[in-house]
Amino acid sequence: MQNLYNLFQKKVFNIEPGLERIKSALKELSYPEKNFKSILVAGTNGKGSTSAYLESLFRHYGYKTGLFTSPHLIRENERWQIDRKEIDDKKLQNYINELKPIIEKCNLTYFEACTLLAFKYFSDEKVDIAVVEVGLGGRWDSTNVLEPEISVITNVSFDHMHMLGNTLLDIAFEKTGITRQDKPAVVGRNQPEIIHWLKERKIKEYYIKDIDYFVKEIDFNKYDYRFKEYIFENLEILMLGKRQIENSSLALTTFLLFLDKNNQPVVENIIRKALYNTKWKGRMEIISKNPFIIIDGAHNEEGLIKTFQEIKEIFPNKKIFTIFSFMKDKDTEKMINIIKQNSDFYIATTMPFSRAMTAEDFKNVGIKNVKENHLEAVKELKNSVDKDTIILITGSLYLIGETLKDGWNTFSK
């Protein structure tokens, strides 16, 4: 089977700002994006998890949901889901065949083509609402052709500075580009840079964590929540880490706002079940207990800092052996320093992507212990760790995808 990725070859990671191409392509299809409601989710970290919580809330309430996220970890099909089921191979192939002439005519990038396919698929399947994760930035991202019911911004921190700017204010300007003056926005972290641009953009209605809705952490996966007249005590989630409290409470605020705007009742037991049942691969996920292995797709400075903080909080007194890899466009020097400071031992590894750092790249920045692939790295570590050691695999969602592809029976051999 051919996948969409293969149509692009070297152009896969080309990023060309502007909405003209995607708008032209959608016009060819008679604007399928107008046939369903949507929630648009932007931010530096936590977009995927927040989207997963939102989708779960809508689905548990009986809505037919579309979910569009990126990147995929194992199969390209993951990017397009309805009621949390990936598009099947046959349908994906049919859409590729159907859309290929439009993709070529409008000279779409890979992500634009993914977006086009998502909107056509969601329209054809008559979803009630689509939760759509922004690919990069917001203002010029192809998903921003939507007119979302609510715009969601998780947070801003330093990532993709070559595209989004070198200050948090610059980055917040791009992220807040998904907001609409006459539609609500919900923000998962009280950051002055985001609030500045919401005011500058004259957004009439917005809600900020710790200003408009409030969270009291009870444990690493339990919290009390308050927003307007809604109070939920001892909410519990399955995903590990306090970041997931931030992500789930942001999703919950967005969902409650949607219910309020659409005169829908708030049913507490459904909300509790939806949050508890939410899963999202590759985020603080325990994939082996012998040896003890955690995978986490932290791919920038802030993400890595929080990953190490949370592992130390949840698993105090454990040694951390880290296997990592990066894409070349990251602030690798800062990320390597974070890994060095927080790891008892570390190994860099390479990935089969043109954007990924090579063994030579790692050696040029002073990393001497480099393995050509993560399998070699894990095999080196697995016989030297004890019950007081955690192996952490991190630094890139692409590395997490490669790891999950292999299956963990590999490491029992």
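Phe36, Tyr95, Phe119, Tyr121 and Phe122 make up one aromatic cluster. Rings of Phe, Tyr and Trp (its six-membered ring) pair here if their centres lie within 6.5 Å, with planes under 30 degrees apart called stacked, over 60 edge-to-face and the rest tilted. Keep in mind that this is a predicted model, where local features need pLDDT of at least 70, side-chain atom pairs count only at pLDDT 80 or more, and totals for chains, interfaces and linings use all residues. Numbering runs from 1 along each chain as its sequence is written, and side-chain values use heavy atoms, with hydrogens and water left out.

**Aromatic pairs**

- The whole structure has 21 aromatic pairs.
- Phe36 and Phe122 count as edge-to-face because their ring centres are 5.9 Å apart and their planes sit at 85 degrees.
- Phe36 is in the loop between α1 (20–28) and β1 (37–42) and Phe122 is in helix α4 (residues 110–124), so this pair ties together parts 86 residues apart in sequence; helices (H or I, at least four residues) and strands (E, at least two) are DSSP runs, numbered from the N terminus.
- Phe36 and Phe122 are both buried, meaning under 20% relative accessible area, with exposed being over 50% and partly exposed in between (1.4 Å probe, protein chains only).
- Lys34 puts its charged end over the ring of Tyr31, 5.5 Å from the centre (the test is NZ of Lys or CZ of Arg within 6 Å of the ring centre and within 35 degrees of the ring normal).

**Salt bridges**

- A search of the whole structure turns up 26 salt bridges, each a side-chain nitrogen of Lys or Arg within 4 Å of a carboxyl oxygen of Asp or Glu.
- Arg243 has a salt bridge to Asp296 at 3.7 Å, N to O.
- Asp296 lies in the loop between β13 (292–295) and α10 (301–314), while Arg243 is in helix α8 (residues 242–261), so the bridge joins parts 53 residues apart in sequence.
- Arg243 also bridges to Glu310, with the closest N and O atoms 3.1 Å apart.
- Arg75, Glu86 and Asp89 are joined in a salt-bridge network.

**A Lys–Glu bridge**

- Lys281 and Glu285 form a salt bridge at 3.5 Å, N to O.
- Glu285 is buried, with a relative accessible area of 19%, whereas Lys281 is partly exposed at 45%.
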